[in-house]
Amino acid sequence: MLDLPSIASAQLWAISVAVLLVLLATDFAITRRPHDVAMREAVGWSLFYLALPAAFGALIWHRYGHRPAMDFYTGYVVEKALSVDNLFVFMLLLAAFAVPPRLAQRVLLYGIAGALVLRAIFIAAGAAVLHSGTWAFLLFGAVLLLTAGKVLREAMRAEEYRVDVDRMRSVRLMRRLMPVTGEYHGGRLSVVRDGRRALTPLALVVVAVFMTDVVFAVDSVPAVYGVTEDPYLVFATNAFALLGLRALYFVLHNVLDRLRHLNHGLAVILAFIGVKLVLHWAHSVWESVPDIPTDASLAVIAATLVTVTATSLRADRKDRVTT
């Protein structure tokens, strides 16, 4: 049985959850009245949600030392990179459901709230699995290596990812259970039509986003456990990475499709963390097997993200010149 180390006390958990709920409530209050999001507003909130994890990491460093802080920063970078991939899928879902621009941030916020709940469940489940023994590192490593292979195969095909709303099981199920209106009704998820409750298209897209969150949670939670075994830090990295997605979506909306090599980079990162987990398991069995330190992991992940961003922008510029 593996005893998972953690810097968190019950009080720290309570404070962190309370702050998270306050931030979510603030976001819901902001989006209560649907409106088009100006770039200035989106950039301002994005900077705020980047400053929060930076300050939190500094606080962790001051209170608990270098190692937990580096674990947090590394896990946050991994989660932020994976969350950008989330945004790309969210963008396709919003387009497929023809979500009015003024309702987009409301949909994203519902998706973020659902993702936070799912991550909490998966993090607790992951902690329980790790608590059962070091073999769990081998399992998580295998999951990430398989996922990396799948992501790389899809990236190498260079096929345009499409969302077929009518083929989504969650959407078909919702349509069987309740009638659906043909038009949006502001931020409402349901309305009364002819004396009967009916869903709006907004409810369908929220469910679709939520189901997408399930898929991403399966990849992201093992990835962060590959950086740190502390369930609190895993939760914190997920929470900080997800909180800023609403604003980041509007900042990156016009450039997401230009990051054509992002999935190549994510495949490399997932494979690297998968190997790191396997080596960590092997190190617990044979001490002579090297264990990759967190500082080296952060350097590899950061270098990968910088490289794929640069190559994506270069390829985009080259295509514009040739056309």
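Read along the sequence, the protein chain of this predicted model follows the pattern α-α-α-α-α-α-β-β-α-α-α-α-α. That pattern comes to 11 helices and 2 strands. The radius of gyration is 21 Å, close to the 20 Å that the globule rule gives for 323 residues, so the protein chain is as compact as a globular protein of that length. Along the principal axes, the C-alpha atoms fill a box of roughly 70 × 55 × 40 Å.

What share of the 323 residues counts as buried? The figure is 48%. Among contacts between residues at least 6 apart in sequence, 77% join residues at least 24 apart.

Empty space inside the structure comes next. Rolling a probe the size of a water molecule over the atoms shows where such space is left. A search of the whole structure finds 1 cavity of 30 Å³ or more, and about 40 Å³ of space lies in the largest cavity. Its lining is made up of Glu 79, Leu 82, Ser 83, Asn 86, Arg 119, Phe 216, Asp 219, Ser 220 and Leu 242. H3 and helix H7 (201-225) are the elements that give two or more residues to this lining, and H3 supplies the largest share, 4 residues.

Ala 98 lies between helix H3 (66-96) and helix H4 (104-131), and its phi is near 50°, a positive value in a residue other than glycine. Most residues other than glycine have a negative phi. Ala 98 counts as exposed because its relative accessibility is 52%, and the cut-off for exposed is over 50%.

How values were computed. Residues numbered from 1 in each chain as written. Predicted model: local features only at pLDDT ≥ 70, side-chain atom pairs only at ≥ 80, totals over all residues. Heavy atoms only, no water. Buried < 20%, exposed > 50% of the residue type's maximum accessible area, 1.4 Å probe, protein only. 1 Å grid on protein atoms, 1.4 Å probe; cavity = no way out; pocket = protein on both sides within 12 Å on 5 of 7 lines; lining within 4 Å. Points joined across faces, edges and corners; volume = space filled by probe spheres on them. Rg over C-alpha atoms; globule rule 2.2 N^0.38 Å. Contact = heavy atoms within 4.5 Å.
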